[in-house]
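Q: I am new to this structure and would like to learn how to read its features one at a time. Could you take me through them, giving the general idea before each case?

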Amino acid sequence: MHRWLMGPQSFHFFPHPSPQSSTLSLMLETPATPRMSLSDAMSALQLQGWVALDRESRELPTLALARAVGQPISGNTGNLIKKLVPKDSLDAIPGTLSHVYGRADFPLHTDTAFWPVPARYLVMRVTGDTRRATIVAPFPECLDSTIASEVASSVWVAKGVRPFYCSMQFRVSGEVGLRYDPLTMVPANTAAVRVQSGLPAVLARLSAFSVDWETVGTVIIDNWRALHGRGSEPTGEGQRVLERIYVR
């Protein structure tokens, strides 16, 4: 059993900032929260859709932490740990976010939205130049918007090696999840067209939070309940490596 699971070694957990605070770094100026166990962090993850751990969480290897969360699964490359670096469009694989957006910021999206069942959790860390933020936003808030009924009835084609029809909402073992990726999901009915037209304004109103990687060591995202994206490129950005593991 990992030391972190045994209790003596736990890490500070940064709870969801208040709506008045738009960035995680602002929230970190408040007094430190009590050190929390994995079960406490997972409870917070279930409540808010994502959780940030302080830099001491790096004492546990990324893969070991992912295994504490659930079962790590391989991505399309077959690797459990995917190392992502900003790159120019011409150097990126066609069809990827990097190919479309290059070194610019990435839109909010669900990872593996083109899988029949998207990965449940994402475990992320950044090394090297940590100035570029990761943006996280709670996705279920869009269900309270004017397009809620359209979201429930929308049908999409998920592009991939084997395209398939899907809904934004899905259910697995009684749990409801949401998926959205503007790059891999194509509207297939009128409701989806309306969602595609109205969702950008909805996402712009979401309480999105900017993860300050200069302070945060690890972020765990519930990929069924929160969207994430990449922040803007800082001036003179050096090598930035984001380690990502999918977990079911």
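Q: Are Trp156 and Tyr180 buried or exposed?

A: A residue is called buried when its relative accessible area is under 20%, exposed when that area is over 50%, and partly exposed in between, with a 1.4 Å probe and protein chains only. By this rule both Trp156 and Tyr180 are buried. Please keep in mind that this is a predicted model, in which local features need pLDDT of at least 70 and side-chain atom pairs count only at pLDDT 80 or more, while totals for chains, interfaces and linings use all residues. Residues are numbered from 1 along each chain as its sequence is written, and side-chain values use heavy atoms, with hydrogens and water left out.

Q: How many aromatic pairs does the structure hold, and what counts as one?

A: Rings of Phe, Tyr and Trp (for Trp, its six-membered ring) pair if their centres lie within 6.5 Å; planes under 30 degrees apart count as stacked, over 60 as edge-to-face, and the rest as tilted. The structure holds five such pairs. In one of them, the ring centres of Tyr101 and Phe106 are 6.2 Å apart and the planes stand at 55°, so this pair is tilted. Tyr101 is partly exposed, with a relative accessible area of 32%, whereas Phe106 is buried, with a relative accessible area of 15%. Trp156 and Tyr180 form an edge-to-face pair, with 6.3 Å from centre to centre and 75° between the planes.

Q: Which parts of the chain does the pair of Trp156 and Tyr180 tie together?

A: Helices (H or I, at least four residues) and strands (E, at least two) are DSSP runs, numbered from the N terminus. Trp156 lies in strand S8 (residues 156–158), and Tyr180 lies in the loop between strand S11 (175–178) and strand S12 (185–187), so the pair ties together parts that are 24 residues apart in sequence.

Q: Which residue lies over the face of Phe106?

A: A charge sits over a ring if NZ of Lys or CZ of Arg is within 6 Å of the ring centre and within 35 degrees of the ring normal. Here Arg230 lies over the face of Phe106, at 3.8 Å from the ring centre.

Q: How many residues of strand S16 are buried, and which strands pair with S16?

A: In strand S16 (residues 240–247), eight of the eight residues are buried, so the strand is largely enclosed by the rest of the structure. Arg240, Leu242, Arg244 and Tyr246 point one way, while Val241, Glu243, Ile245 and Val247 point the other way. Strand S6 (residues 121–128) pairs with S16 in the antiparallel sense over eight bridges, and Val123 has Ile245 as its bridge partner in S16. Strand S5 (residues 82–84) is joined to S16 by three bridges, the two running antiparallel, with Leu84 opposite Leu242. Strand S4 (residues 72–73) and S16 are also paired in the antiparallel sense, over two bridges, and the partner of Pro72 is Val247.

Q: Which residues does Ser145 touch?

A: Contact means heavy atoms within 4.5 Å. Not counting residues up to four places away in sequence, Ser145 touches Val202 and Arg205. Ser145 lies in the loop between S7 and helix H6 (148–153), and Ser145 is 57 residues from Val202 in sequence but 7.0 Å from it in space, C-alpha to C-alpha.

Key
Two strands pair if DSSP finds at least two bridges between them.
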